[in-house]
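This report describes a protein model in terms of its fold, its domains and its salt bridges. The sequence and the structure are shown first.

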Amino acid sequence: MATIRDVAKKAGVSIATVSRVINNKGKIKKETEELVQAAIKELAYTPNRVAQGLSNRRSYTVAFILPSINNPFFPEMARAVEDVAQANGYQVFLCNTDDKREKLLGYLDNLGTQYVDGIILNSHITKHEDLERLQKNNVSVVMMDRVLENSGTTSIMVKNREGGRMATQHLVDVGCEYIAHIGGIEDEYNSTQRMWGYRDVVGHKSWFDSSWIGRGDFSVRSGYQIAKELFTRHPQMDGIFAGNDLLAIGALKAAHEWGKQTPNELAIVGFDGIDMSGLTVPPITTIQQPIYRIGELAMTELLHRIENNVKTTKHYELDVELVIRESSMKSNKWSVNN
Ligand code: RIB
């Protein structure tokens with residue numbers, strides 16, 4: 001049974017072009033359309049996914065299981081997953097776990113056994129037994145971002161600890177002497193790695209002990225709450241590295257209420273590089289993750305495993321970048337770089 005990929009190859013065009021011709025979407029040159037229609041006819045291609053799926057036992061559907069699209073970090077990632085899926089003739093189910101195990105298991109039970117050809121899993125509450133069950137049901141899996149350590153599946157994440165070091169060192173470089181850390185979810189690998197990156201830079205300082213670290217849940221509210229607790233505990237604090245941009249936004253609000261001017265009295269650095277971090281007053285310095293690239297790579301790897309029955313695994317650790325904005329410009333020796 002010919003696939004959309006065969007038609008594209010035959011006609012010498014992209015899969016997305018074939019998809020546009022089939023769905024009559026967008027402007028297509030007449031000669032291109034004729035090439036595609038000729039290839040469809042010659043290969044007796046059936047664009048009807050259900051018919052195709054029935055013949056080769058495929059649903060042409062994948063699930064993207066993630067914590068919550070309420071956090072603006074995930075929609076950009078989901079967009080990349082959907083762009084790659086759609087270009088290859090696949091649909092995407094978006095599944096929010098809210099970090100609840102019963103929701104994750106519900107998705108895996110319903111989707112993982114019958115409806116989907118593959119799953120992209122972004123969830124720190126995943127257990128090895130979950131992946132073993134999916135493997136038994138011959139469902140291809142790729143993990144990304146919140147990856148289960150030693151999962152035995154292909155995974156894509158970023159250099160979290162190095163990003164934590166970059167953020168904290170930047171605060172030292174601009175002149176901060178007493179730097180606190182507002183971390184993300186307690187038992188989540190990315191958060192812990194960023195916290196260790198912070199400790200790599202200040203852990204040896206005479207003033208440092210664990211009271212300079214607060215752990216939130218990656219939300220604005222917890223960033224605000226923990227910043228207030230840290231202010232009370234350490235009034236001499238003049239810098240905060242927050243484990244994601246929402247925590248940093250919460251800390252910015254708390255600093256304002258505390259009467260501390262950012263950056264001169266309290267410099268703040270976040271992590272993620274969501275659009276919102278550039279829209280606050282002042283805009284927040286952050287560690288930029290290649291969010292779209294992570295999603296694009298995860299979906300590309302998943303398709304490769306589905307369509308070529310690949311069983312070998314790959315592990316990606318992508319670079320992050322320090323994006324300097326006004327929230328850390330304590331001295332004029334530094335200039336904003338984005
Ligand atoms: O902002 C959400 C956080 O959860 C991001 O830092 C991302 O890495 C995910 O782990």
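## A buried strand residue

M143 counts as buried, at 0% relative accessibility; buried means under 20% relative accessible area, exposed over 50%, and partly exposed in between (1.4 Å probe, protein chains only). The model is predicted, so local features need pLDDT of at least 70 and side-chain atom pairs count only at pLDDT 80 or more, while totals for chains, interfaces and linings use all residues. Residues are numbered from 1 along each chain as its sequence is written, and side-chain values use heavy atoms, with hydrogens and water left out.

M143 belongs to strand β4 (residues 140-144). Strands (E, at least two residues) and helices (H or I, at least four) are DSSP runs, numbered from the N terminus. When neighbours within four places in sequence are set aside, M143 is in contact with L121, S123, T126, L131, L148, S151, T153, T154, S155 and I156, where contact means heavy atoms within 4.5 Å. F208 is 65 residues from M143 along the chain, and the C-alpha atoms of the two are separated by 35 Å.

## Overall architecture

The secondary structure of the protein comes to twelve helices and twelve strands. Taken along the principal axes, the C-alpha atoms fill a box of roughly 75 × 45 × 30 Å. The protein has 338 residues, of which 53% count as buried. Among contacts in the protein with a separation of 6 or more, 69% are between residues 24 or more positions apart.

The protein is divided into domain 1 (4-56), domain 2 (61-158 + 291-320) and domain 3 (160-290 + 322-328); these bounds come from an automatic or database domain assignment.

S219 lies in the loop between β7 (213-215) and α10 (220-233). With a relative accessible area of 18%, S219 is buried. Apart from its neighbours within four places in sequence, S219 is in contact with L246 and L247.

## The boundary between domain 1 and domain 2

The C-alpha centres of domain 1 and domain 2 lie 27 Å apart. Six residues from domain 1 and five residues from domain 2 take part in the contact. About 430 Å² is buried between domain 1 and domain 2, and carbon and sulfur atoms give 31% of this area. Buried area is the accessible area (1.4 Å probe) that two parts lose on being put together, summed over both.

Between domain 1 and domain 2 there are two residue pairs in polar contact (both at pLDDT 80 or more). A polar contact is a pair of N or O atoms within 3.5 Å; within protein, one must be able to donate a hydrogen and the other to accept it, and residues adjacent in sequence count only if both atoms are side-chain atoms.

On the side of domain 1 that touches domain 2, the elements giving two or more residues are α1 (4-11) and α2 (15-23). Of these elements, α2 gives the most, with three residues. The residues of this side divide into three nonpolar, one polar and two charged. Ala, Val, Leu, Ile, Met, Phe, Trp, Tyr, Cys and Pro count as nonpolar, Asp, Glu, Lys and Arg as charged, and the others, Gly among them, as polar.

## Salt bridges

Side chains of opposite charge can pair when their charged atoms come close. A salt bridge is a side-chain nitrogen of Lys or Arg within 4 Å of a carboxyl oxygen of Asp or Glu. A search of the whole structure finds 15 salt bridges, and the count between domain 1 and domain 2 is one.

| Pair | N to O distance |
|---|---|
| E307 and R5 | 2.7 Å |
| D83 and R79 | 2.8 Å |
| R133 and D109 | 2.6 Å |

The side chains of E307 and R5 meet in a salt bridge. This pair links distant parts of the chain, with E307 in helix α12 (residues 291-308) and R5 in helix α1, 302 residues apart. E307 is partly exposed at 29% relative accessibility, and R5 is also partly exposed, at 38%.

D83 and R79 are separated by about one helical turn because they are four residues apart in helix α5 (residues 73-87). D83 is partly exposed, with a relative accessible area of 24%, whereas R79 counts as exposed at 51%.

R133 forms a salt bridge with D109. R133 lies in helix α7 (residues 128-136) and D109 in helix α6 (residues 101-115), so the pair ties together parts that are 24 residues apart in sequence. R133 counts as partly exposed at 29% relative accessibility, and D109 counts as partly exposed at 37%.
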